[in-house]
Amino acid sequence: MKTPVVLLFGFEPFGGEDINPAQEVVRELAGERIAGHRVVPAELPVTFDGAISALADAIARENPNLVIGIGQAGGRASISLERVAINLIDARIPDNSGVQPVDTMVNDGAPAAYFSTLPVKAMLTAMQSSGVPSELSFSAGSYVCNAAFFALMHLLATRHHGIRGGFIHIPYLPRQAAAHPNAPSMEIGTLSKGIGIAIEAALQHDEDIALPLGQTH
């Protein structure tokens, strides 16, 4: 019997960096067995068209039970579980192919937004209980990470019913933060531990837990 799959995708370096912590975490966890599932990696280009196409191909190829994306969020100090993907691209910098869309939609025929279908509060609780700095986030930005997150949720809603998915942002690695004064960072071991715990919690909870963790501003 085939082992069920968790598809874990991350991105190549971008924005002048020579490393991407998301890519490194995906490589660290590739092939791991978590809660009876095998972690299958996918590395996406930091281009709007290329990332969405590569993600669609990976989902069709692997037929996973769960899909989780990881992206770099320089400036954040915690692992951020994203709750909402928006149908908007407003690129502050060009992608790796030199394209810089402004005020355009990820998908013209799709809704304005999608919510993650991951049990984000259960995942957050599990990470925090293990001492991993983590938080809920209500904005995945408007760059390639959010575009891939939105495309993922649209694919799951329209083509791959029954597969759950979502997105997680992570801080710089220490070697990156050294080039960005006052920027927080996190060691690869802590990042990989946190994402592994998050995957396990997602697989163990079909429904999220009820905790008052919303924002008042």
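Start by selecting Arg175 and Asp18: their side chains meet in a salt bridge, with N and O 3.0 Å apart. Remember as you look around that this is a predicted model. Arg175 sits in helix 5 (residues 174-177) and Asp18 in the loop between strand 1 (5-11) and helix 1, so the pair ties together parts that are 157 residues apart in sequence. Are these two residues buried or exposed? Arg175 counts as exposed, at 51% relative accessibility, and Asp18 is exposed too, at 60%.

Next, move along to helix 1 and pick Arg27 and Glu24. Their side chains form a salt bridge of 3.8 Å, N to O. The two are 3 residues apart in helix 1, so about one helical turn separates them. Arg27 is partly exposed at 46% relative accessibility, and Glu24 is partly exposed at 23%.

Keep helix 1 (residues 21-29) on screen and show helix 6 (residues 188-204) with it. Their axes come within 10 Å and cross at roughly 65°, and the crossing is right-handed. Which residues of helix 1 make the contact? They are Pro21, Glu24, Val25, Glu28 and Leu29, and they meet Ile188, Leu191, Ser192, Ile195, Gly196 and Ile199 of helix 6. Sorted by class, this contact has 7 nonpolar, 2 polar and 2 charged residues.

For the last stop, select Glu82 and Arg76, a salt bridge whose closest N and O atoms are 2.8 Å apart. Glu82 is buried, with a relative accessible area of 0%, whereas Arg76 is partly exposed at 23%.

How values were computed: Residues numbered from 1 in each chain as written. Predicted model: local features only at pLDDT ≥ 70, side-chain atom pairs only at ≥ 80, totals over all residues. Heavy atoms only, no water. Axes fitted to C-alpha atoms, helices over the stretch in contact; angles between N-to-C directions. Helix = DSSP H or I, 4+ residues; strand = E, 2+ residues; numbered from the N terminus. Left-handed = near helix turned anticlockwise from the far one by under 90°. Contact = heavy atoms within 4.5 Å. Nonpolar A, V, L, I, M, F, W, Y, C, P; charged D, E, K, R; others polar. Salt bridge = Lys/Arg side-chain N within 4 Å of Asp/Glu carboxyl O. Buried < 20%, exposed > 50% of the residue type's maximum accessible area, 1.4 Å probe, protein only.
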